[in-house]
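Hello,

Here is the structure for you to look over. My notes follow below it.

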Amino acid sequence: IFLDPWHLRHVEKDILIPKIMREKAKERCSEQVQDFTKCCKNSGVLMVVKCRKENSAMKECLTAYYNDPAFHEECKMEYLKEREEFRKTGIPAKKRLQKVPTSM
């Protein structure tokens, strides 16, 4: 069976690629995410009121990435590369990234 290397199923478009986008955006907005997390930990039940500024900064950063077509394309290409590698090797990316134990 010939598989079109560029065709994306709905689950890939709607779930898998957005997941990569969320993960990468969190990394790129790590400072804002850390500030918000720290604020929440220090504020307890009052976090909704006390952490508005940090929450807004974090959302603004993340949303800028989510709405960036170039960022979406970058994540889509990363997904397609991983999928192509999986189709060639049958090994999921997570397993390929783990170190193979060496015997002595």
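Is E12 buried or exposed? E12 is buried, at a relative accessible area of 1%; buried means under 20%, exposed over 50% and partly exposed in between, with a 1.4 Å probe and protein chains only.

Before the rest, the ground rules. This is a predicted model, where local features need pLDDT of at least 70, side-chain atom pairs count only at pLDDT 80 or more, and totals for chains, interfaces and linings use all residues. Residues are numbered from 1 along each chain as its sequence is written, and side-chain values use heavy atoms, without hydrogens and water.

E12 sits in helix α1, residues 10–28 (helices are DSSP runs of H or I, at least four residues, numbered from the N terminus). Beyond its neighbours within four places in sequence, E12 contacts H7, I17, P18, Y79 and R83 (contact: heavy atoms within 4.5 Å).

Now the core. The largest nonpolar core holds 17 residues, and I17 and C75 have the most contacts inside it. Helices α1, α2 (30–43), α4 (52–66) and α5 (69–89) each supply at least two of its residues. Such a core is a set of buried Ala, Val, Leu, Ile, Met, Phe, Trp, Tyr and Cys residues joined through side-chain atoms within 4.5 Å.

M47 lies in helix α3, residues 47–50. M47 is partly exposed, at 37% relative accessibility. K53 belongs to helix α4 and is exposed, at 65%.

Best wishes
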